[in-house]
Number of protein chains: 2
Amino acid sequence: MADLSIDVVAKAAGVHRSTVSRAFSRPEAVKSETREHILRIAEGLGYTMSPLAQALRRKTSTFVPLIVPDITNPFFAELAKTMTQAADERGYQLLLCVTNGDPAKTEGYFTAMQAMYAPFGIVAPSTKVDTDALKRFDFGHRVVVIDRVDGDSSVPTVTVDSRRGIVLALEHLRSLGHTSIGYVSGISGTHTAQDRMDAYLELSAEGSSTPLVLDSGSDPDAGARAAKHFLEMENPPTAIIAANDMVAFAVISALGQSGIRVPEDVSVMGFDGLALGARFNPPLTTVRQPIADMGNIAIELAEKQNLNGSVDHVVLEPELLVRASTSGPRK
Amino acid sequence: MADLSIDVVAKAAGVHRSTVSRAFSRPEAVKSETREHILRIAEGLGYTMSPLAQALRRKTSTFVPLIVPDITNPFFAELAKTMTQAADERGYQLLLCVTNGDPAKTEGYFTAMQAMYAPFGIVAPSTKVDTDALKRFDFGHRVVVIDRVDGDSSVPTVTVDSRRGIVLALEHLRSLGHTSIGYVSGISGTHTAQDRMDAYLELSAEGSSTPLVLDSGSDPDAGARAAKHFLEMENPPTAIIAANDMVAFAVISALGQSGIRVPEDVSVMGFDGLALGARFNPPLTTVRQPIADMGNIAIELAEKQNLNGSVDHVVLEPELLVRASTSGPRK
DNA sequence: CCGATCTCAGCAATCGATCTCATACTTAGC
DNA sequence: GCTAAGTATGAGATCGATTGCTGAGATCGG
């Protein structure tokens, strides 16, 4: 059980090291008879190849880092979960790297992953990605970003159409009869966050109503502040769109503390479609992002880039998910 | 920037490979003058040692796997977050491994980690841990479990005192005036889950009231079923203890769907103390587990076991966290 | 001033695999 | 039956580090 190297197996099978190696990684290069014999012996010994030694020699591995700012944020947790599976199915081993939003840690992961011969990596940022900084690293040339990036970027990206999501939310709310619809940003400086806000600003102005941003901070207290703001208004909106589900939770919670009920007194929508939202009180109406698809596509883009250098930008369609936190406006 | 090996640095510094190695990993064995020169050169080149090659040669690494069943469960996410930090501070690199509750995957991680020369690992299980199965693996002898395990086990463990937690919850509820207190299990077959349930059964019987288990399933729908059960009762309890925060969320949500309000109509308590609970509607009263401490201690126990074979079992104290989901019973 | 002790750095084997090259053995074609 | 073209396996260098051993100088006591 201890110290099972390729040489041990080779000896046990009465062949040379290199034949064992081939039996595992280049099956067609070895007579099927021999191969089966070797595999059987290996199996009996409980042998598996050392990923370390393999990576060292091959100068490439199957470790794929997923770099996220905060794993306690359910969005990233769901992303991690689905990507683990997606990676597995393609023969990769996802390595979850949590940065706490610290750029230094991100760089640390970059060099570490480079050293581990990761073929590529996926970054789900909490701030606008500095493409140039990325490119300073060798590894930065083999990264896919789950967010939009600036300009004519040469980094592959996956995002969902923020504008479309806001359209969906607005349409839903308007069809319910709302005309005064507020917004709470409360998420950090990613392009995606920016895009959602911009879309809200622009699209809500198109309706007769004037845009109303209850809070635009990016800290955990944004929801509470938004609620406070709401309570102090003379004519508060009858519906609120939150930049993401977590913020929506916070808003509803804070509102509830002051006796405001959702959706009876005010409708609230989220953006993300977290599984958690289904068990919120009330279950959250939201714009669903196809998180699983994002994960799969991120890996595909990475593989493509690695293969032929192509840099694609995929934009996915969001979807309205009506649950119970929205209803017609109070008469 | 590409292909920076120890030999490159050695050549650049005009010394032998082994001296460079020593400059990094055994500073006292090299003249400080030489060492500083080497370090400076290495710094300039942007050189870091290959963790792969190191692990291969040393037959030990700084990779520490944390094996959890589901990262979208906020309890495990918070554990992962705090443990990442704890590991970092001690010079380890936490590797998050998600099993989805699949024992085969767990075993896969075991052999993988063994192959990566991980010095030890941490397991946060979703089912009762089969100590014997654990011990079949070499690596199983270097694992710490975050849960209680059977019998005179030789596996180090960290847990919080389940009974004490239930006492805290019961005391809180009784001091509020509740006499009829129900319970919802809804979590999987860990010892901890079992202990909470047992404690409830025993302790609630001590009070005048008879134990009342609304649901004991372990799937995501337990909360909904418990709520249904509650609604069908002639004399429903005035308070409910949920086996963990997630279940409490689900119960409150399901209850809310039927017009039952918390805490006005019924008080509900959780168990875990998730950060998320503070933003639930209403903010959740719960029994807090010292998650960060658990992580730190788990690593300490692992190090100790590795050092001198000692096997400790640490039991931590939970803490009452009163928020807004409990109040006096309805008159 | 010489042998003994200590420091410090180089040498070379080694960890567990991969891969190019060389070699032995088939099989085929004429 | 003999050479040419394959096939299947073995030999050995290599990936990037570590480490026991060896030897060259430096230091020191007598």
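Student: What makes the area between chain B and chain A in this predicted model count as buried?

Tutor: Buried area is the accessible area that two parts lose on being put together, summed over both. For chain B and chain A that area is about 4,100 Å², and carbon and sulfur atoms give 62% of it. In chain B, the residues that lose the most area to chain A are L52(B), R279(B) and N281(B), together 18% of what that side buries.

Student: Which residue counts describe the contact of chain B and chain A?

Tutor: Contact requires heavy atoms within 4.5 Å. The contact takes 47 residues from chain B and 47 residues from chain A.

Student: Why is the meeting of K105(B) and D88(A) called a salt bridge?

Tutor: The definition asks for a side-chain nitrogen of Lys or Arg within 4 Å of a carboxyl oxygen of Asp or Glu. The side chains of K105(B) and D88(A) meet at 3.0 Å, N to O; the pair is therefore a salt bridge, since 3.0 Å lies within the 4 Å limit. Across the interface of chain B and chain A the rule finds four salt bridges, and it also finds seven residue pairs in polar contact.

Student: Which elements of chain B give two or more residues to the side that touches chain A?

Tutor: They are α4, α5 (74-89), β2 (93-98), α6 (103-115) and α11 (245-257) of chain B. The largest share, seven residues, comes from α11(B). By class, this side of chain B has 27 nonpolar, nine polar and eleven charged residues.

Student: Why is the approach of S21(B) to DNA strand D called a polar contact?

Tutor: A polar contact is a pair of N or O atoms within 3.5 Å. A polar side-chain atom of S21(B) lies 2.3 Å from a phosphate oxygen of DNA strand D, so the pair meets the limit. The elements that give two or more residues to the surface near DNA strand D are α2 (17-25) and α4 (51-58), in chain A together with chain B.

Terms used:
Residues are numbered from 1 along each chain as its sequence is written. Chains are lettered from A and ligands numbered from 1 in the order in which they are written. This is a predicted model: local features need pLDDT of at least 70, side-chain atom pairs count only at pLDDT 80 or more; totals for chains, interfaces and linings use all residues. Side-chain values use heavy atoms; hydrogens and water are left out. A polar contact is a pair of N or O atoms within 3.5 Å; within protein, one must be able to donate a hydrogen and the other to accept it, and residues adjacent in sequence count only if both atoms are side-chain atoms. Helices (H or I, at least four residues) and strands (E, at least two) are DSSP runs, numbered from the N terminus. Buried area is the accessible area (1.4 Å probe) that two parts lose on being put together, summed over both. Ala, Val, Leu, Ile, Met, Phe, Trp, Tyr, Cys and Pro count as nonpolar, Asp, Glu, Lys and Arg as charged, and the others, Gly among them, as polar.
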